[in-house]
Amino acid sequence: EIPPLGRYRSQNPLLLQYDTQEVDPEAREDFVTSLATLIVEYPGVPRWIFKMDDEDGGRGHAWLDVVSMKSLDAVLERLQEESGQGIPPPLARQREALGAVEAALRRMLDRRVGIAVPLLYADWATFSSHLLERGG
């Protein structure tokens with residue numbers, strides 16, 4: 001089971017620099033770092049779903065299709081190939097991938113996220129502020 005974003009504590013040695021303190025779920029930077037970490041650790045997951053705890057009927061849902069972020073194709077493909085061999089990719093490669101994914105998310109996240117009910121949450125900034133405030 002994958003824990004909620006913002007509270008994710010990886011067992012991966014790649015994240016020792018991020019894992020020294022509890023992640024503050026209200027900080028957008030930590031959210032992006034947590035999401036980038038999950039994408040690097042699970043490079044085969046094509047879509048990430050965000051759900052608010054206190055919404056129902058699809059009102060508090062959003063998603064990110066990682067496959068739509070073409071700049072990450074080569075990075076994630078290499079990670080998938082290496083992890084498919086049964087051994088984790090070298091830490092240097094994971095750090096490089098984490099940097100690339102995090103940079104891409106910071107550039108494109110607000111344009112690549114789909115929001116299930118855009119009349120309620122007009123954009124990623126509105127959705128993410130409610131998500132981080134209410135939990136998900």
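Is glutamate 102 buried or exposed? At 11% relative accessibility, glutamate 102 counts as buried. Buried means under 20% relative accessible area, exposed over 50%, and partly exposed in between, with a 1.4 Å probe and protein chains only.

This is a predicted model: local features need pLDDT of at least 70, side-chain atom pairs count only at pLDDT 80 or more, and totals for chains, interfaces and linings use all residues. Residues are numbered from 1 along each chain as its sequence is written, and side-chain values use heavy atoms, with hydrogens and water left out.

**Salt bridges**

The structure holds three salt bridges. Each needs a side-chain nitrogen of Lys or Arg within 4 Å of a carboxyl oxygen of Asp or Glu.

| Pair | N to O distance |
|---|---|
| Arginine 47 and aspartate 65 | 2.5 Å |
| Arginine 78 and glutamate 96 | 3.8 Å |
| Arginine 106 and glutamate 102 | 2.5 Å |

Helices (H or I, at least four residues) and strands (E, at least two) are DSSP runs, numbered from the N terminus. Arginine 47 lies in strand E1 (residues 47–51) and aspartate 65 in strand E2 (residues 61–65), so their bridge ties together parts 18 residues apart in sequence. Arginine 78 belongs to helix H2 (residues 73–83) and glutamate 96 to helix H3 (residues 91–112), so this pair also ties together parts 18 residues apart in sequence. Arginine 106 and glutamate 102 both sit in helix H3, four residues apart, about one turn of the helix.

Arginine 47 is partly exposed at 43%. Arginine 78 is partly exposed at 32%, as is glutamate 96 at 46%. Arginine 106, at 33%, is partly exposed.

**Core and rings**

The largest nonpolar core has 32 residues. Such a core is a set of buried Ala, Val, Leu, Ile, Met, Phe, Trp, Tyr and Cys residues joined through side-chain atoms within 4.5 Å. Among the residues with the most contacts inside it are Phe50 and Phe127. Elements giving two or more residues to this core include helix H1 (28–41) and helix H4 (124–134).

Five aromatic pairs are found in the whole structure. Rings of Phe, Tyr and Trp (its six-membered ring) pair if their centres lie within 6.5 Å; planes under 30 degrees apart count as stacked, over 60 as edge-to-face and the rest as tilted. Phenylalanine 31 and phenylalanine 50 have ring centres 5.8 Å apart and planes at 50°, so the pair is tilted. Phenylalanine 31 is buried at 4%, and phenylalanine 50 is buried at 4%. Ring pairs link Phe31, Phe50, Tyr121, Trp124 and Phe127 into a cluster.
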